[in-house]
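The sequence and the model are shown first.

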Amino acid sequence: MKVAFVGKGGSGKTTLASLFVRHLAARGLPVAAIDADINQHLAVALGLDEERAAKIPALGERLPELKDWLRGANPRIASASAMVKTTPPGDGSRLLGLGGDDPFHALGQEVDGVTLLATGPFSDDDLGVSCYHAKTGAVELYLNHLVDGPGEYVVADMTAGADSFASGLFTRFDLMFLVAEPTRKGVGVYRQYTEYARDYGVAIAVVGNKVQDDDDLAYLRAHVGDDLLTWLGQSAAVRALEQGRDDVVLEDAERAALDLMRDAVDARRKDWERFRAQGVEFHLRNARSRTDPALRAELEEQVDPGFRYPV
Ligand SMILES: Nc1ncnc2c1ncn2[C@@H]1O[C@H](COP(=O)(O)OP(=O)(O)OP(=O)(O)O)[C@@H](O)[C@H]1O
Ligand SMILES: [Mg+2]
């Protein structure tokens, strides 16, 4: 299952993603975590010290070799440089398995049973050139080529705001957790996101965060209704984790919230055909946005109409 944490800046995306990932890993479940945010904080939230966190290789800086591996013997993709973030797999492409023996997972870092992948931080080189989308392109390629099986989880900590909806990236997820504080801005993004998601049949579940009392809860319920899956309060455990303590125990209510989140993910039914078709749709949209007719045609021809995920 492919899961994303989205929401406004500072709402608690990284915190909840890391708690969820730890929750799964503690139960012995296979889980990969991807830091897809401009500011890379997930590694530290998972308990790595700053020094080790800074050493995690950035997928975004290895795109040529990653693309070369993925395209494999696919005759529709002439070279790594012809491959863009939306280029879908086709006959001859290599596909990924969770935690597999491949160049993506080779760049990952094991943290307490979690495979952590990172797109890499936004650097000055990215400014004005290709923007951060070039780097998150590594995440899109990873998700497009990953055939995850039942009981396997990929959890992505996403960039704040509606950026995740600028490309087709949001359609790659089986479930998006929208982390919302009980504030106007917190629920404001909910409206924006659900509009995008509804058109594509992408499931969103709201997880309230920093909910302090019944009024906060009533506020969330009034604005997001039944989409409110569960919530966390102001958490002493989160604070203790932030202080670097390693003897932290979650409260029962917090564990119960994480269990509900896992149940919500497990209840999703995979629709590989929709996954494939939407990937192609966004790739064609990307192709048709190009002004150079030759480039446009080259990208369009990358679509292999006969390809189906081997599931
Ligand atoms: N339930 C909680 N209880 C206590 N503190 C929390 C809780 N959730 C988040 N925080 C704190 O709020 C701050 C922001 O959280 P976090 O970094 O997870 O947000 P974010 O949405 O990932 O932010 P950004 O948009 O900058 O990536 C952090 O200091 C975090 O420890
Ligand atoms: Mg964050």
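The sections below cover the overall fold, the salt bridges and one aspartate.

## Basis of the report

The model is predicted: local features need pLDDT of at least 70, side-chain atom pairs count only at pLDDT 80 or more, and totals for chains, interfaces and linings use all residues. Residues are numbered from 1 along each chain as its sequence is written, and side-chain values use heavy atoms, with hydrogens and water left out.

## Overall form

The protein contains 12 helices and eight strands; these are DSSP runs numbered from the N terminus, helices being H or I with at least four residues and strands E with at least two. Its radius of gyration, 19 Å, is close to the 19 Å that the globule rule gives for 311 residues, so the protein is as compact as a globular protein of that length. The radius is taken over C-alpha atoms, and the rule is 2.2 Å times the number of residues to the power 0.38. Along the principal axes, the C-alpha trace spans about 60 × 40 × 40 Å.

Of the 311 residues, 52% count as buried, where buried means under 20% relative accessible area, exposed over 50%, and partly exposed in between (1.4 Å probe, protein chains only). Among contacts with a separation of 6 or more, 74% come from residues 24 or more positions apart; a contact means heavy atoms within 4.5 Å. The protein exposes about 14,000 Å², of which carbon and sulfur atoms supply 48%. Accessible areas come from the Shrake-Rupley method with a 1.4 Å probe, and for residues only the protein chains shown count as cover.

## Salt bridges

Side chains of opposite charge can pair when their charged atoms come close. The structure holds 16 salt bridges, each being a side-chain nitrogen of Lys or Arg within 4 Å of a carboxyl oxygen of Asp or Glu. One of them joins lysine 270 to aspartate 148, with the closest N and O atoms 2.7 Å apart. Lysine 270 lies in the loop between α10 (252–266) and α11 (272–288), and aspartate 148 in the loop between α6 (133–145) and β5 (153–158), so the pair ties together parts that are 122 residues apart in sequence. Lysine 270 is partly exposed at 29% relative accessible area, whereas aspartate 148 is buried at 4%. Both belong to a network of salt bridges that links Lys2, Asp148, Asp174 and Lys270.

Glutamate 273 and arginine 308 also meet in a salt bridge, at 3.5 Å from N to O. Glutamate 273 is in helix α11 and arginine 308 in the segment after α12 (293–300), so this pair ties together parts 35 residues apart in sequence. Another salt bridge, at 3.0 Å from N to O, pairs glutamate 300 with arginine 288. These residues lie in helix α12 and helix α11 respectively, so the pair ties together parts 12 residues apart in sequence.

## Aspartate 102

Aspartate 102 sits in the loop between α4 (63–71) and α5 (103–106). The residue is buried yet has no salt bridge, and the nearest side chain of opposite charge, arginine 94, is 9.9 Å away.

The side chain of aspartate 102 does make a polar contact with the side chain of histidine 105, at 2.7 Å. A polar contact is a pair of N or O atoms within 3.5 Å; within protein, one must be able to donate a hydrogen and the other to accept it, and residues adjacent in sequence count only if both atoms are side-chain atoms. Leaving aside neighbours within four places in sequence, aspartate 102 is in contact with Trp69, Leu96 and Gly97.

Conventions
Chains are lettered from A and ligands numbered from 1 in the order in which they are written. Lys and Arg count as positive and Asp and Glu as negative; His and the chain ends are not counted.
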